[in-house]
Amino acid sequence: IVSQYSNILAPIAVDAVTRLVTPTSTNVDLKDIRIVKKVGGTIEDTVLVDGVVLNQTAITSAGGPTRMEKAKIGLIQFQLSPPKPDMDNQVVVNDYRQMDKILKEERTYLLNLTKKIKKTGCNVLLIQKSILRDAVTDISLHFLSKLKIMVIKDVERDEIEFLSKSLGCKPVADIEAFSEDKLGYADLVDEEHTAGARVVNITGVKNPGRTVSVLCMGANSLVLEESERSLHDALCVLTIVLLILIAATFLQNLHWASSVFSASILLRALIAGGGAPEIHVSRMLSQYAQTLSGMEAYCFQAYADALEVIPTTLAENAGLNPIAIVTELRNRHAMGEKNAGINVRK
């Protein structure tokens, strides 16, 4: 589905990995590369974001801002909603004066929370998604809007570490611990409409962590899933190439490192695909097993047979006859075609 867009996705993958590499790098953690998927546009609209892109959108129901310059970003893990008891209880109020008092105390409680947030200078608030109670209520959104604070809610728990590292802000689980030194700083936080999709871009981060965000676009969810899978595969390959280069440099074999790097860039491959290496290794192990006897021979032959599962599965997924394909590959490798693999285009 996405092979025709390889000239777009491949440079994005290369740029994403190279941005994370430092002279002292020993590895690249793919968790530092975040792919945000949005339905809209085409794969051609996929871009590597210079900053951080959020999957969530700004809350505008209470008239809050969607653009904030010189942003001071807070990341909270507590709720801006009235507290609830740990157990399910019902409170019956028959007097309207008591009801009015409860509502006033609720408003006062939320107002105090929002004032404490504003006192730190925070003008962009990221709120973690809550499963116990509402992360934010209409009343608190109203107060935040009056205080000119941009609100982005429903941040997933697994996004907290990435956002904290990317923006330089610290997640806060209690209002009493929320202070100015916990904030992150950026030149601009802006909600943009890109190819029919709404996304929040954070650019000009003052103390950025070494992370990368990719905005992946597609006409539907199927295209998005396939595009993300292709990007992830490319990132994995590039990470392996980096490890090879680091190992070669460590061994002070710079000529070999240069050769591997040139091959990976110019030929865009390290070894043949389509099950070719598995068939070759399987054939070598089978030949070696014939020189052994007893338990060792059975072990080597079993390992050789196990390697043939990969080309067999590739043939089945491509709608080909796996028995005929694997047999043909064995014969071609026996004739000396060590790079022969499955070609699903024929």
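Helices (H or I, at least four residues) and strands (E, at least two residues) are taken as DSSP runs and numbered from the N terminus. The structure described here is a predicted model, in which local features need pLDDT of at least 70 and side-chain atom pairs count only at pLDDT 80 or more, while totals for chains, interfaces and linings use all residues. Residues are numbered from 1 along each chain as its sequence is written, and side-chain values use heavy atoms, with hydrogens and water left out.

The protein contains ten helices and ten strands. Of its 346 residues, 38% count as buried, where buried means under 20% relative accessible area, exposed means over 50%, and partly exposed lies in between (1.4 Å probe, protein chains only). The accessible surface comes to about 20500 Å², of which 54% belongs to carbon and sulfur atoms; these areas come from the Shrake-Rupley method with a 1.4 Å probe, and for residues only the protein chains shown count as cover. With contact defined as heavy atoms within 4.5 Å, 76% of the contacts between residues at least 6 apart in sequence join residues at least 24 apart.

An open sheet of three strands, with mixed pairing, has the order β1-β10-β2, and its edge strands, β1 (33-39) and β2 (47-49), each pair on one side only. Two strands are said to pair if DSSP finds at least two bridges between them. Neighbouring strands of this sheet are turned by 30° against each other on average, direction ignored; axes are lines fitted to C-alpha atoms, for helices over the stretch in contact, and angles run from 0 to 180 degrees between N-to-C directions. Strands β1 and β10 (residues 212-218) pair in the parallel sense over seven bridges, with isoleucine 35 opposite valine 214 and lysine 37 opposite cysteine 216. Strand β1 is mostly covered, five of its seven residues being buried. Helix α1 (residues 6-20) lies across β1, β2 and β10, and runs at about 20° to β2.

Further pairing involves β9, which is joined to β3 by three bridges in an antiparallel arrangement, with valine 53 standing opposite asparagine 201 of β9. Strand β9 also pairs with β8 in the antiparallel sense, over eight bridges, and in this pairing leucine 188 stands opposite threonine 203. The two strands β8 and β9 form a hairpin with two residues between them, and alanine 195 in the turn has a positive phi of about 50°.

The largest nonpolar core has 22 residues, of which Ile73, Leu126 and Ile202 touch the most other members. A nonpolar core is here a set of buried Ala, Val, Leu, Ile, Met, Phe, Trp, Tyr and Cys residues joined through side-chain atoms within 4.5 Å. The elements that give two or more residues to this core are β3 (52-54), β4 (67-76), β5 (124-128), β6 (150-155), α4 (160-167), β8 (184-194) and β9 (197-205). When residues up to four places away in sequence are not counted, isoleucine 202 touches Asp50, Gly51, Val52, Leu54, Ile73, Leu167, Ala186, Leu188 and Val189.

Helix α4 is largely enclosed by the rest of the structure, because six of its eight residues are buried, and these are Ile160, Phe162, Leu163, Ser164, Ser166 and Leu167. The helix is followed by glycine 168, whose phi is positive, near 75°. In the loop between β6 and α4 lies arginine 157, which is exposed, with a relative accessible area of 63%. The C-alpha atoms of arginine 157 and lysine 129, residues 28 apart along the chain, are separated by 7.1 Å.

Helix α2 (residues 96-119) has 24 residues and reaches 34 Å from its first C-alpha to its last, close to the 34 Å expected at 1.5 Å a residue, the expected span being 1.5 Å times one less than the number of residues. Leu110, Leu113, Thr114 and Ile117 of α2 are buried, and the buried residues of this helix pack against β5 and α3 (138-146). In helix α7 (residues 276-289), which includes serine 286, that serine counts as buried at 17% relative accessibility. Leaving aside neighbours within four places in sequence, serine 286 is in contact with Gln301 and Ala304.
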